[in-house]
Amino acid sequence: MDKGKSSELPPKSHFLDIHEVVEEGEEGEEEQQEQVKKFEQKVEKRPNRTTKFREMKRQHKNFSRQVSLETGVSVLNKKSKANNGRGVLPRSGNSFAEYGEAQRFGVINDGRRENFNMFRTKSTLGKQNSLLPMRKESGLDHGMKTNDTLDGSNYESVNKSVPAGRYFAALTGPELDQVKDFEDILLPKDERWPFLLRFPIGCFGICLGLSSQAILWLNLATSPATKFLHVTTNINLALWLLALSVLFAVTVTYILKCIFYFEAVRREYFHPVRINFFFAPWVVCMFLSIGAPPILAHGKIHPAVWCVFMAPYFLLELKIYGQWLSGGKRRLSRVANPSSHLSVVGNFVGAILAAKVGWKEPAKFFWAIGLAHYLVLFVTLYQRLPTSEALPKELHPVYSMFIAAPSAASIAWQNIYGEFDEVSRTCYFIALFLYILLVVRITFFTGFKFSVAWWSYTFPMTTASLATIKYAEAVPCFITKALALSLSFVSTTMVCVLFFSTLLHAFVWHTLFPNDLAIAITKKRQGKETKPLKKSYDIKRWAKQSALPFVSALRKNNSGNKDSDGEKEEGYGTT
């Protein structure tokens, strides 16, 4: 503590946050005497301040006596300093003083339960009210105020929105779901978290894959290009009921997560990748409306169905597209990733459903919105801007999202205008080329860990199969029919493989929902990233490169001054 601050406090005050104290004894007294002598020499030069020196001297003695009574606390503070001095913090859940130090004083009895309560709905207000009498009884109210890591950084990190740049700085991977080595998290990594905290928004991808398969098998059973297969509509009915039941289960579970762990839902909403999965439930509902079995769907779909499902999608895309356009921290060039196609595909799906209910003009409106934003997103991702950190160098199933938008656009145009004309074929050929571009590099898709989010990447392949069936209807020949069958077989096979893999991970291996580390990052970095030292030749090269523009600028200025001087001399000569 500073001596000036110690003079303002009463001698009987109880301190928790104090600096390292010198042990009592002869050595301590000698050091104090030396400090007093140095201070006296300074005061002799200024005779007007002798009274202040006497007061400071008395307070210094009182302070030394007080510290001698608090040696136990000072030793504890030494240990905390030693722990806080590390550059890399362990992900044990006790790396913050809120969990470790508070448990030592008896403030938190069940640390594991309190850690997870950070993400509960209104957890901060309830936790502060519950700990208030315990703080007064244990006398730690002043200590908690002085300790920055206690009640400060952790709850601030949870309650306030995490910037988009923080996700890119703390997380890695194409889905931004892996924590970097030098980062710390708010929750214990080695313990198993509650189920609702481990249940991600990406589970709606399962519904996307199953509902799109229901539409595919409905077209295989009713399309003139595939009549020779004699596919029954019972497959469509079974897939539709399965997709509906899975959608109901996932929706109920995520609603429970919103009720009990709303802070975790907010974290997913501000996540640059997972924000796009909030469009998925409404896209699934439109898929189920389009692929409804003939036994259940009698006649045209009522327009109210389209309004109910498209209204929340439109409001959400107003929010997201506004962030892309505003140029702030969540501008498109900063947060663009392949999963952003989910926020675009819904416009084409909504156009298809609007055309089926008989509303052609709203269908054209959403088709135009989808096309405009798809072109901007496609160019942003294709250029691989330096700010697009979520786009990995290696291929990943997330790349299949490139196929979804042009395939859905071709089908939407065909439903609006009644024929698979040049515009529909142009969009379809773009999707087909991107599909072939990924197939020829299929060997690069190996070596990735299974994730529930992979389900979201199956519906683009199904959408491409549907567009191929429509193309085979417009251009009936052996090649188009064979292409439609092959793509349909590939998409169905992928869905079956993912379905059985999901069952194995869920009921046999129990690894379907690991700890969701992405939602537990801190708002600010707790440790510092160790950067490699620059070598001597790198520094020399940087100095040469930085000096070149400066030298060239000086030369231009000198040459300009010489020319102006010459012009002045010529002017004087003529005059």
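**Figure 1. Burial and overall architecture of the predicted model.** Of the 575 residues of the protein, 45% count as buried in this predicted model. The secondary structure comprises 24 helices and 2 strands. Among contacts between residues at least 6 apart in sequence, 80% link residues at least 24 apart.

**Figure 2. The largest nonpolar core and the surroundings of Trp-193.** The largest nonpolar core holds 128 residues. Those that touch the most other members are Phe-119, Trp-193, Leu-197, Leu-208, Phe-348, Trp-367 and Phe-459. In the close-up of Trp-193, neighbours within four places in sequence are left aside, and the contacts of Trp-193 are then Phe-116, Leu-187, Pro-188, Arg-198, Asn-515, Asp-516, Leu-517, Ile-519 and Ala-520.

**Figure 3. Phe-260 and its contacts.** Phe-260 belongs to helix H13, which spans residues 234-260. With a relative accessibility of 40%, Phe-260 counts as partly exposed. Although 139 residues separate Phe-260 from Thr-121 along the chain, their C-alpha atoms are 5.6 Å apart. Not counting residues up to four places away in sequence, Phe-260 touches Thr-121 together with Phe-119, Arg-120 and Leu-196. Phe-119 is also listed among the core residues that touch the most other members.

**Figure 4. Packing of helix H16 against helix H18.** The axes of H16 (residues 303-326) and H18 (residues 342-357) come within 10 Å and cross at roughly 155°. Because this angle is over 145 degrees, H16 is roughly antiparallel to H18. The crossing is left-handed. From H16, the residues in contact are Pro-303, Trp-306, Met-310, Tyr-313, Glu-317, Tyr-321 and Trp-324. They meet Leu-342, Ser-343, Val-344, Val-345, Gly-346, Asn-347, Gly-350, Leu-353, Ala-354 and Val-357 of H18. By class, the residues of this contact divide into 12 nonpolar, 4 polar and 1 charged.

**Figure 5. Packing of helix H20 against helix H22.** H20 (residues 401-417) and H22 (residues 459-474) pack at an angle of about 35°, and their axes lie 8 Å apart. H20 passes H22 in a left-handed crossing. On the H20 side, the contact is made by Met-401, Ile-403, Ala-404, Ser-407, Ala-408, Ser-410, Ile-411 and Gln-414. H22 contributes Phe-459, Pro-460, Thr-463, Ala-464, Leu-466, Ala-467 and Lys-470. This contact has 10 nonpolar, 4 polar and 1 charged residues. Phe-459 of H22 is also one of the residues that touch the most other members of the largest nonpolar core.

Notes:
Residues numbered from 1 in each chain as written. Predicted model: local features only at pLDDT ≥ 70, side-chain atom pairs only at ≥ 80, totals over all residues. Heavy atoms only, no water. Axes fitted to C-alpha atoms, helices over the stretch in contact; angles between N-to-C directions. Helix = DSSP H or I, 4+ residues; strand = E, 2+ residues; numbered from the N terminus. Left-handed = near helix turned anticlockwise from the far one by under 90°. Contact = heavy atoms within 4.5 Å. Nonpolar A, V, L, I, M, F, W, Y, C, P; charged D, E, K, R; others polar. Parallel < 35°, antiparallel > 145°, perpendicular 65-115°, else oblique. Core = buried A, V, L, I, M, F, W, Y, C linked by side-chain atoms within 4.5 Å. Buried < 20%, exposed > 50% of the residue type's maximum accessible area, 1.4 Å probe, protein only.
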